[in-house]
Amino acid sequence: MKLSEILKGIDVKNTYEDVEVLDVTQDSRLVKAGSLFVCVKGRAFDGHSLAQEMLDIGAPCVIVERDMGLDRQVIVENSRAAFSFICANFFKNPASKLKLIGLTGTNGKTTTTYLIKQILENVGKKVGLIGTVQNLIGDKSYPAKFTTPDPYELQKLFSMMVDAGCEYCVMEVSSQALAQGRVNGLHFAVAAFTNLSQDHLDYHKTWENYFSSKRILFENADIAVTNADDEYGMKIVEDLHFDKVVTYAVNTNNASYVAKNVAFKANGVEYELVGDTIGRCTCPIPGRFSVYNSLCAASCALSLGISYSDVLDAISKSNGVKGRIEVVPNGQRDFTIIIDYAHSPAGLENIITSLQEIAKGRVVTVFGCGGDRDKTKRPKMGKIVAELSDFCIVTSDNPRSENPTDIINDILLGMKDITTPYVVVEQRKEAIAYAIKNAQKNDIILLAGKGHETYQILPTGTIHFDEREVVAEILSTLD
């Protein structure tokens, strides 16, 4: 592809030779002869420092933000922002051939995207999905490294979806991806908001930055779907222009779609979905948050013209999502083991509260906090778990480069004035074993924080760690 085609629509500040380009990348490790290298300045490393080296390797040109005095350079205002458009042009703008549905928010994105995908497939649409657990093109799965991939991987996935005949793509859009411009240039048929609570402040630094990043998603969308019960639900669409704003709620009648007469059951939730008409919604995923997730999914689908009956039928058939309130087989023992990805204060509050609504015995929570992440969450998470659980087992999550003991001590600061009994078992496998071996009749054991992950990041490196396998191994020793 010619360089001029790749730079189409980008404001270039100098003249350049229109060379042939075989690939594009911002990762110096991937550069080979024919690769256009985009110099991006990050928090810890500036790609501009490798510009000449990349040319020496065989890059036909480098994209820079300032005049580097190089023979084969293209100067742009912001190379990170330009990279998104470069990747879109390189893959021939596949997203323009898809109807994009983007979801942002602190909690609920993954489950809601799966529900939307299932609704659309239920009416015969071919759908792609991009998210935290995996990327899907129809029923084919591809690994997910980030919630929202970098621009190159994102455009590649869009291209694969178009080639596979997909009409829709449902995607989780993280605040980091929005702040970094990974979705620059994308136009969304629907942008949806789930909720906002504390998370990722290690990256965004301030609450205002976090909220502002989420809001970017709605700046280029036809339809906005938002949670009228959330404090930020209407603020996120304030002063923006849409073809339609659709709201959903449980606690107010002043919304486009309202869940009424909610019933919580061990095998799911039921409610009356009240909008232009009324229908009984049965979602086979237990928990209060399942009301909001299914309500958001239904609102998105209804805003696209899917009928009430088709929406309700699809939700009733949902299989849930790996690592989201996932019940682990335990050989028909008299207690229940649940894996959930909850790793923020609000996430833990939601899941534990939901389990208490259906629990016949104790709710025992096994949890930790991630290292090299927002430390202010740790005592808050400890306090919430201690206040809502009947017994707590404090352990490690992904400590990364931090000392696990230091992380645990931060958690315990939030638990010191609460009388709920707890133990500290630093090794996560041993903590799970402790919970299972000391389980009482009708206990619900919640393994919180890891969810779909099949690894653990330790100071010594990353190890394989799948809690389903860990539980099976521990249970086998009890037989």
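This is a predicted model: local features need pLDDT of at least 70, side-chain atom pairs count only at pLDDT 80 or more; totals for chains, interfaces and linings use all residues.

Modeller: A helix here is a DSSP run of H or I with at least four residues, numbered from the N terminus. Serine 354 has a relative accessible area of 2%, and because buried means under 20%, serine 354 counts as buried. Its side chain reaches the backbone nitrogen of arginine 288 at 2.7 Å, and, leaving aside neighbours within four places in sequence, serine 354 is in contact with Gly287, Arg288 and Phe289.

Those contacts lead on to helix H9, which spans residues 288–303 and packs with helix H4, residues 109–122, at an angle of about 45°, the two axes being 9 Å apart. That angle makes H4 oblique to H9, and the crossing by which H4 passes H9 is right-handed. On the H4 side the residues that meet H9 are Thr111, Thr112, Leu115, Ile116 and Ile119, while H9 contributes Asn293, Ser294, Cys296, Ala297, Ala298, Cys300 and Ala301. Sorted by class, this contact of H4 with H9 holds eight nonpolar and four polar residues, and no charged ones.

For another buried residue, one may turn to valine 470, whose relative accessible area is 7%, and which is found in helix H15, residues 467–476. Apart from neighbours within four places in sequence, valine 470 is in contact with Lys429, Ile432 and Phe465.

Methods:
Residues are numbered from 1 along each chain as its sequence is written. Side-chain values use heavy atoms; hydrogens and water are left out. Axes are lines fitted to C-alpha atoms, for helices over the stretch in contact, and angles run from 0 to 180 degrees between N-to-C directions. Helices (H or I, at least four residues) and strands (E, at least two) are DSSP runs, numbered from the N terminus. Angles under 35 degrees count as roughly parallel, over 145 as roughly antiparallel, 65 to 115 as roughly perpendicular and the rest as oblique. A crossing is left-handed if the near helix is turned anticlockwise from the far one by less than a right angle, and right-handed if clockwise. Contact means heavy atoms within 4.5 Å. Ala, Val, Leu, Ile, Met, Phe, Trp, Tyr, Cys and Pro count as nonpolar, Asp, Glu, Lys and Arg as charged, and the others, Gly among them, as polar. Buried means under 20% relative accessible area, exposed over 50%, partly exposed in between (1.4 Å probe, protein chains only). A polar contact is a pair of N or O atoms within 3.5 Å; within protein, one must be able to donate a hydrogen and the other to accept it, and residues adjacent in sequence count only if both atoms are side-chain atoms.
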